[in-house]
Amino acid sequence: MRLSDPVMVGGEITSGVLLGSGGNRFDIRDGLPNLVFPFELPRADRDALQVYEDRAEVYDRYLPLTFSTYGEDEQAVRNAMIDKLNLRPDSVVLETGAGTGRDSEIIARRLGPDGRLYIQDLSPSFLARNIERMRGVDAKVEPALANGYYLPFADNSFDACYHFGGINAFGDIKRAFAEMARVTKPGGKVVVGDESMPPWLRDTEFGKILMNSNPEFRYPLPLDKLPIEARKTRLEWIIGGVFYVFDFEVGEGEPGADFDFAIPGARGGTHRTRYFGQLEGVTPEAKQLAQQARAKMNKSMHQWLDEVIREAARRDLGD
Ligand SMILES: C[S@@+](CC[C@H](N)C(=O)[O-])C[C@H]1O[C@@H](n2cnc3c(N)ncnc32)[C@H](O)[C@@H]1O
């Protein structure tokens with residue numbers, strides 16, 4: 001990115017424009033670049049943003065009810081979620097949808113002088129309150145006004161990534177998980193939680209009362225939105241059992257396994273040859289003859305077929 005038209009006050013850039021390599025322009029206002037992308041947000045995100053902008057003022061006043069309704073201690077619950085990040089004093093951490101900073105403060109207090117916390121949110125009003133709250137902590141804190149499913153960070157930037165309370169309403173939940181995995185280093189932890197009435201409680205009076213008062217409990221558990229890089233994935237139901245928390249370690253690509261050992265038995269082959277070595281099929285008579293022949297030769301079906309096909313192919317190719 002390139003900086004254009006900077007205005008400096010007291011050695012700090014207060015306004016200007018960041019120019020992306022693809023020609024995108026990101027305005028800097030009050031010292032904070034607006035990195036929200038796409039520039040035209042989908043309707044669902046615009047609506048959610050409006051709700052959050054309207055609620056920023058009262059959010060901290062009513063939020064404790066989310067915990068006290070179930071007799072839960074908010075600090076204990078948030079600390080237990082943050083424990084799952086396995087933070088060290090020098091960790092570099094990203095919190096997406098950080099809101100007014102109720103978790104940011106706890107995370108920041110666990111970091112030492114070499115640690116760093118990036119607080120990201122879509123709502124300027126929430127982020128402004130978070131920045132204000134972070135003035136009271138010693139750790140280095142960097143705000144980012146951005147979209148949680150288009151993160152403005154390079155791959156493998158963070159030791160850990162945390163999100164609580166907003167992802168259900170993100171316009172693209174799968175992309176949000178993929179982005180968190182992308183920006184977290186392999187071996188780093190991702191922790192994500194939000195509300196969702198567990199399927200087995202949806203028809204109970206308990207479930208119906210809560211879903212009636214707060215339709216957000218109707219959001220399904222986003223199990224199918226987890227990224228392929230998720231390893232050692234765990235799911236816990238917290239806060240009265242009506243909020244999910246996923247935590248996983250970030251791996252690289254798909255998980256691996258030994259697909260190449262010889263599977264004992266008459267069929268033989270390996271997991272890989274069974275998957276990739278499928279042919280066009282044979283008539284029932286040919287199959288029966290092949291089974292008799294492989295038994296007579298005391299070979300597995302894989303071994304017999306592999307040899308017969310190689311032999312026939314070499315012959316027909318004139319090798
Ligand atoms: C219910 S609040 C939770 C705030 C905070 N994590 C907490 O636990 O108190 C949800 C937050 O997600 C933010 N948010 C909503 N959509 C977002 C998006 N697409 N990208 C990033 N943040 C988003 C909202 O602005 C809001 O701050």
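**Exercise 1. What order do the strands of the open four-stranded sheet have, and is the pairing parallel or antiparallel?**

Before the solution, some ground rules: this is a predicted model, where local features need pLDDT of at least 70, side-chain atom pairs count only at pLDDT 80 or more, and totals for chains, interfaces and linings use all residues. Residues are numbered from 1 along each chain as its sequence is written, and side-chain values use heavy atoms, with hydrogens and water left out.

*Step 1.* Read off the order: 1-2-3-4, with antiparallel pairing.

*Step 2.* Look for the edges: strand 1 (2-9) and strand 4 (32-33) each pair on one side only.

*Step 3.* Zoom in on one pair: six bridges hold strand 1 against strand 2 (residues 12-19) in the antiparallel sense. Met8, for instance, has Ile13 in strand 2 as its bridge partner.

**Exercise 2. Describe how helix 1 packs against helix 5.**

*Step 1.* Helix 1 (residues 43-62) and helix 5 (residues 124-134) pack at about 35 degrees, with axes 7 Å apart. Axes are lines fitted to C-alpha atoms, for helices over the stretch in contact, and angles run from 0 to 180 degrees between N-to-C directions.

*Step 2.* List some of the contacts (heavy atoms within 4.5 Å): residues of helix 1 including Leu49, Tyr52 and Tyr59 meet residues of helix 5, among them Phe126 and Arg129.

**Exercise 3. Which residues are closest to the ligand?**

*Step 1.* Of the 21 residues around the ligand (a heavy atom within 4 Å), the closest are Tyr59, Arg78, Asp121, Gly148 and Phe164.

*Step 2.* Check side-chain N or O atoms: one in Tyr59 is 2.7 Å from a ligand oxygen, and one in Asp121 is 2.6 Å from a ligand oxygen.

*Step 3.* Finish with the backbone: a polar backbone atom of Gly97 is 2.9 Å from a ligand nitrogen.

How values were computed
Pairing = 2+ DSSP bridges. Helix = DSSP H or I, 4+ residues; strand = E, 2+ residues; numbered from the N terminus. Polar contact = N/O pair within 3.5 Å; in protein donor to acceptor, adjacent residues only side chain to side chain.
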